[in-house]
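Dear colleague,

Please read the notes alongside the coordinates.

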Amino acid sequence: MTDDTAARLAALIRTIPDFPKPGIQFRDITTLLLDPDGLRLAVETMAAKIAGPIDLVAGIEARGFVFAPALALRLGAGVLLIRKDGKLPGATIAEDYALEYGTDRIAMHADACAPGARVLLVDDLIATGGTARAAVRLIRKAGAVVSEAAFVIDLPDLGGAAALAGDGIAVHALVA
Ligand code: PRP
Ligand code: ADE
């Protein structure tokens with residue numbers, strides 16, 4: 001990935017001050033998604049970084065759902081939905097976590113992964129890593145292996161990508 005690619009993507013991401021709470025600089029990818037060339041560039045650049053092989057791409061609700069199917073189709077993988085707790089119809093396992101502006105609980109179907117399945121975790125952004133690390137705990141609890149994680153945006157000052165790397169995961173991001 002070139003500096004030019006990162007700069008083109010960064011220019012399509014908008015910053016909204018004080019959302020959802022005072023003091024948060026919210027990095028808004030909806031403007032990137034509206035741009036056909038930007039969307040393609042983001043998905044193709046992310047896919048090119050994945051070493052693989054990957055059996056399942058795990059997307060984290062909500063914004064991870066935008067990128068997970070696009071990557072899964074390119075990588076020949078299925079899609080695993082990691083949802084906010086209370087949304088999935090079958091038997092679930094769940095994990096609590098803290099993020100930059102609150103706390104939450106995510107869940108996945110307990111039978112979603114074959115034992116040893118190789119999973120790529122995907123989301124739009126990693127900040128504190130609370131969400132991504134809870135997803136990793138869930139997927140590992142289900143018996144699968146999280147080998148890589150990919151994000152459009154990394155907020156490195158918040159330390160999430162470094163923590164995820166410390167969990168033994170290869171972390172990819174397009175824009176810091
Ligand atoms: C955002 C973002 C990541 C998470 C990153 O989601 O899409 O999932 O925060 O923060 P962290 O690294 O500090 O955990 P949010 O919880 O706002 O939910 P949404 O995608 O449903 O808007
Ligand atoms: N999730 C956590 N922190 C965020 C931020 N600053 N912008 C967008 N999504 C986020």
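Among contacts in the protein chain between residues at least 6 apart in sequence, what percentage join residues at least 24 apart? The figure is 60%, where contact means heavy atoms within 4.5 Å.

Before the details, a word on conventions. This is a predicted model, in which local features need pLDDT of at least 70 and side-chain atom pairs count only at pLDDT 80 or more, while totals for chains, interfaces and linings use all residues. Residues are numbered from 1 along each chain as its sequence is written, chains are lettered from A and ligands numbered from 1 in the order in which they are written, and side-chain values use heavy atoms, with hydrogens and water left out.

Overall fold

The protein chain has six helices and nine strands, these being DSSP runs (H or I, at least four residues, for helices; E, at least two, for strands) numbered from the N terminus. Its radius of gyration is 15 Å, close to the 16 Å that the globule rule gives for 176 residues, so the chain is as compact as a globular protein of that length; the radius is taken over C-alpha atoms, and the rule is 2.2 Å times the number of residues to the power 0.38. Along its principal axes the C-alpha trace spans about 40 × 35 × 30 Å. Buried residues make up 45% of the 176, with buried meaning under 20% relative accessible area, exposed over 50% and partly exposed in between (1.4 Å probe, protein chains only). The accessible surface comes to about 8200 Å², of which 54% belongs to carbon and sulfur atoms, as computed by the Shrake-Rupley method with a 1.4 Å probe.

Helix H5 (residues 130-141) has 12 residues and reaches 16 Å from its first C-alpha to its last, close to the 16 Å expected at 1.5 Å a residue, the expected span being 1.5 Å times one less than the number of residues. Buried residues in H5 include Ala134, Ala135, Leu138 and Ile139, and just after the helix Gly143 takes a positive phi of about 95°.

The structure holds 11 salt bridges, each defined as a side-chain nitrogen of Lys or Arg within 4 Å of a carboxyl oxygen of Asp or Glu. The side chains of Glu95 and Arg137 meet in one of them (2.8 Å, N to O), and this pair links strand S5 (residues 92-99) to helix H5 across 42 residues. Glu95 is buried, at 14% relative accessible area, whereas Arg137 is partly exposed at 37%. Arg133 and Asp167 also form a salt bridge (2.9 Å, N to O); Arg133 lies in H5 and Asp167 in the loop between helix H6 (160-166) and strand S9 (170-175), so the pair ties together parts that are 34 residues apart in sequence.

Other pairs

Asp124 and Arg63 form a salt bridge as well (2.7 Å, N to O), joining strand S7 (residues 118-126) to the loop between strand S3 (56-60) and H4, 61 residues apart. Asp124 is buried, with a relative accessible area of 3%, and Arg63 is partly exposed at 29%.

A search of the whole structure finds one aromatic pair. Phe19 and Phe26 form this pair, which is edge-to-face, at 5.1 Å centre to centre and 90° between the planes; rings of Phe, Tyr and Trp (its six-membered ring) pair if their centres lie within 6.5 Å, and planes under 30 degrees apart count as stacked, over 60 as edge-to-face and the rest as tilted.

Best regards
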